[in-house]
Amino acid sequence: MQNSFRWYGPTDPVKLTDIRQANAEYVVTSLHQIPYGEKWSKNDVKKRINYINKNNNSYNINLKWNVVESIPVHNNIKLRTKNFKKLISNYKDTIANIAANNINTICYNFMPIVDWTRTQLDFKLPTDGLALKFNYLQIIIFEMYILKLKNLEKRYSNKQIKNAEKLFKLMKTNDIKNLKLAVMGGLPASETKYSVSEFREMLSAYKDMDNIDIKQNLREFIKEIMPVAEENNVKMGIHPDDPPIPLFGVPRIVSTMDDYQYIFDSYDSPCNGMTFCAGSLASNFYNDVYKIFNRFKKRINFIHLRNVKKEKDRKSFYESNHLNGDVDFVRLIKLILNEEKRRSIKEKIDIPMRPDHGHSLLDDQNKKNFNAGYTAIGRLMGLSELRGIIKAVI
Ligand code: DNO
């Protein structure tokens, strides 16, 4: 595996030297400063590569940018509305301009409105470390008391609504503030930080879209961008919904084995691949991550490794460390290593992998302005655990 670390660019409080010290050899990054939908020029990409190279010298580990995560997909593309044609044309040019700089793996997702979603960013673990958490009742609370949506009984049972009301009564003003921040843009890589009215507007843009409509829009998008990926020898990897369940009454369509089958049936090419995110996939109670891996292993172009502990309601979870969660990482890593062996016919093929999210540990907890989930020490521990497993099973 290509041991990689996500890096949010020159403004990331986690520096390239930190990444090197964590034993990663590759960086996964994006041009976060470019607004969603705009084209990235060859030169924009080149400048970022130059920045990384300036930190490399003849002695240290030379970090290399191996994966773009992500080129975000604008909501107008997901809705096929307004200027979506122009946005797709920019997207295609961006793929080509990235490839012109010899970066050949690109991650993207098709989650409506918001990218990944958590309800709490500082869930205290028994170790005193802090983790990210998703509590389904708090999503109902968010809809009920923050967005003030009506007709919630259409998608939630009476029991769920009652339990959400009960939990709401126990929440302090600060908890509500944190919930609002977490859902509406407190997480890195979110499209935008929404206001309540903007969030409601986005919801109404999706109100007539059912599962099939959004799937078809994804299929159209795939059919448009994959020929460009093929021409430029770029492997695309669509990231699963995180979490892989419908949120706020809007369907999510990259959540299950069937969803992925639909995606791969839309355009038959190794360029039309997946980002295998163990933690995201495992947070849907009905997903069998090993089965998904085996079924689509040829299409896995990028791997995110993190683990989750699901809760009794089967929808809520917190992010555990790699060794203690619901996914058996020894088993999963064996599958990945076997797949790498299978691919290594002429030369050794390593799939790009990054430890996804880390806990906030030790000095991480004193840091200001870090990107939630993307701590230095927490991810260093994650990568170390993974490297230990790899070394032991190889
Ligand atoms: C969360 C991430 C997501 C992911 C994008 C991929 O930590 O895994 O932000 O990068 O959804 O497009």
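Modeller: A residue is called buried when its relative accessible area is under 20%. Please also keep in mind that this is a predicted model.

Biologist: OK, where does that term come in? Is strand β3 enclosed or open?
Modeller: Strand β3, which covers residues 64–69, is largely enclosed by the rest of the structure, because 5 of its 6 residues are buried.

Biologist: And which way does β3 pair with strand β2?
Modeller: Strand β2, residues 26–29, pairs with β3 in the parallel sense, and the pairing runs over 4 bridges. If you want a place to look, find Tyr26, which stands opposite Lys64 in β3.

Biologist: Changing topic: how many salt bridges are there?
Modeller: The count comes to 20 salt bridges. As background, side chains of opposite charge can pair when their charged atoms come close.

Biologist: What does Glu224 pair with?
Modeller: Glu224 forms a salt bridge with Arg80, and the closest N and O atoms of the two are 3.4 Å apart. This pair links distant parts of the chain, since Glu224 sits in helix α9 (residues 211–231) while Arg80 is in the loop between α3 (75–79) and α4 (84–99), 144 residues apart.

Biologist: Why does Glu224 count as partly exposed?
Modeller: Glu224 has 26% relative accessibility, so it counts as partly exposed, given that this class lies between under 20% for buried and over 50% for exposed. Arg80 counts as partly exposed as well, because its relative accessibility is 25%.

Biologist: What about Arg343, who is its partner?
Modeller: The side chain of Arg343 meets that of Glu339 in a salt bridge, with 2.7 Å from N to O. Both belong to helix α13 (residues 329–343), and because they are 4 residues apart there, about one helical turn separates them.

Biologist: Which residues are linked in a network of salt bridges?
Modeller: Arg6, Glu69, Arg118, Asp242, Arg306, Glu319, Arg354 and Asp356 are linked in such a network.

Biologist: Now the ligand: how many residues surround it?
Modeller: The ligand is surrounded by 16 residues, of which the closest are Glu69, Ser70, Asp115, His357 and Tyr374. The shell divides into 6 nonpolar, 5 polar and 5 charged residues.

Biologist: Which side chains come up to its oxygen atoms?
Modeller: Among them is Asp115, with a side-chain N or O atom 2.8 Å from an oxygen atom of the ligand, while for Asn109 the corresponding distance is 2.9 Å. A polar side-chain atom of His239 lies 3.2 Å from an oxygen atom of the ligand. The protein covers 100% of the 330 Å² of accessible area that the ligand has on its own.

Biologist: Last one: where is Ser255, and what does its side chain reach?
Modeller: Ser255 is in the loop between β7 (235–238) and α10 (257–266), and its side chain reaches the backbone oxygen of Pro244 at 3.4 Å. Ser255 is buried, with a relative accessible area of 4%.

How values were computed
Residues are numbered from 1 along each chain as its sequence is written. This is a predicted model: local features need pLDDT of at least 70, side-chain atom pairs count only at pLDDT 80 or more; totals for chains, interfaces and linings use all residues. Side-chain values use heavy atoms; hydrogens and water are left out. A salt bridge is a side-chain nitrogen of Lys or Arg within 4 Å of a carboxyl oxygen of Asp or Glu. Helices (H or I, at least four residues) and strands (E, at least two) are DSSP runs, numbered from the N terminus. Buried means under 20% relative accessible area, exposed over 50%, partly exposed in between (1.4 Å probe, protein chains only). A residue is near a molecule or strand if one of its heavy atoms lies within 4 Å of it. A polar contact is a pair of N or O atoms within 3.5 Å; within protein, one must be able to donate a hydrogen and the other to accept it, and residues adjacent in sequence count only if both atoms are side-chain atoms. Accessible areas come from the Shrake-Rupley method with a 1.4 Å probe; for residues, only the protein chains shown count as cover. Ala, Val, Leu, Ile, Met, Phe, Trp, Tyr, Cys and Pro count as nonpolar, Asp, Glu, Lys and Arg as charged, and the others, Gly among them, as polar. Two strands pair if DSSP finds at least two bridges between them.
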